[in-house]
Amino acid sequence: MTDDPNASRHRDDERINLDDEADVARWAQALCTSREELLAATRAVGSEVLRVKGYLFTMLVRRQKGRT
């Protein structure tokens, strides 16, 4: 931890704890996705929730475009 007040700080609810199955399950449910899709998203963009949300949204849009 740093004493720098300008350093980026991430709260627990801003990252998905991939070492905790309960946290993975909670985030999968909260983001309306499967555990497998959530893990794929974290492999692609990391465990920061905002990045994962963006990735999942992008994948949803791409799937929808493929159906039309």
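**Close-up 1. T33 in the loop between α1 and α2.** In this predicted model, T33 is placed in the loop that runs between α1 (21-30) and α2. The relative accessibility of T33 is 16%, and T33 therefore counts as buried, the cut-off being under 20%. The side chain of T33 is joined to that of E37 by a polar contact of 2.6 Å. When residues up to four places away in sequence are not counted, T33 touches A28, L38 and L56.

**Close-up 2. C32 in the loop between α1 and α2.** C32 is likewise found in the loop between α1 and α2, and its phi is near 55 degrees, which is a positive value in a residue other than glycine. With a relative accessibility of 73%, C32 counts as exposed, whereas T33, at 16%, counts as buried.

**Close-up 3. The crossing of helices α2 and α3.** The axes of helix α2 (residues 35-45) and helix α3 (residues 49-67) come within 9 Å and cross at roughly 115 degrees. Because angles of 65 to 115 degrees are classed as roughly perpendicular, α2 and α3 are described as roughly perpendicular to each other. The crossing in which α2 passes α3 is right-handed.

**Close-up 4. Residues in the contact of α2 with α3.** On the side of α2 the contact is made by E37, L38, A41, T42, A44 and V45, and on the side of α3 by R51, V52, Y55, L56 and R63. By residue class, the contact of α2 with α3 divides into 7 nonpolar, 1 polar and 3 charged residues. Among the residues of this contact are L38 and L56, both of which are also touched by T33.

How values were computed
Residues are numbered from 1 along each chain as its sequence is written. This is a predicted model: local features need pLDDT of at least 70, side-chain atom pairs count only at pLDDT 80 or more; totals for chains, interfaces and linings use all residues. Side-chain values use heavy atoms; hydrogens and water are left out. Axes are lines fitted to C-alpha atoms, for helices over the stretch in contact, and angles run from 0 to 180 degrees between N-to-C directions. Helices (H or I, at least four residues) and strands (E, at least two) are DSSP runs, numbered from the N terminus. Angles under 35 degrees count as roughly parallel, over 145 as roughly antiparallel, 65 to 115 as roughly perpendicular and the rest as oblique. A crossing is left-handed if the near helix is turned anticlockwise from the far one by less than a right angle, and right-handed if clockwise. Contact means heavy atoms within 4.5 Å. Ala, Val, Leu, Ile, Met, Phe, Trp, Tyr, Cys and Pro count as nonpolar, Asp, Glu, Lys and Arg as charged, and the others, Gly among them, as polar. Buried means under 20% relative accessible area, exposed over 50%, partly exposed in between (1.4 Å probe, protein chains only). A polar contact is a pair of N or O atoms within 3.5 Å; within protein, one must be able to donate a hydrogen and the other to accept it, and residues adjacent in sequence count only if both atoms are side-chain atoms.
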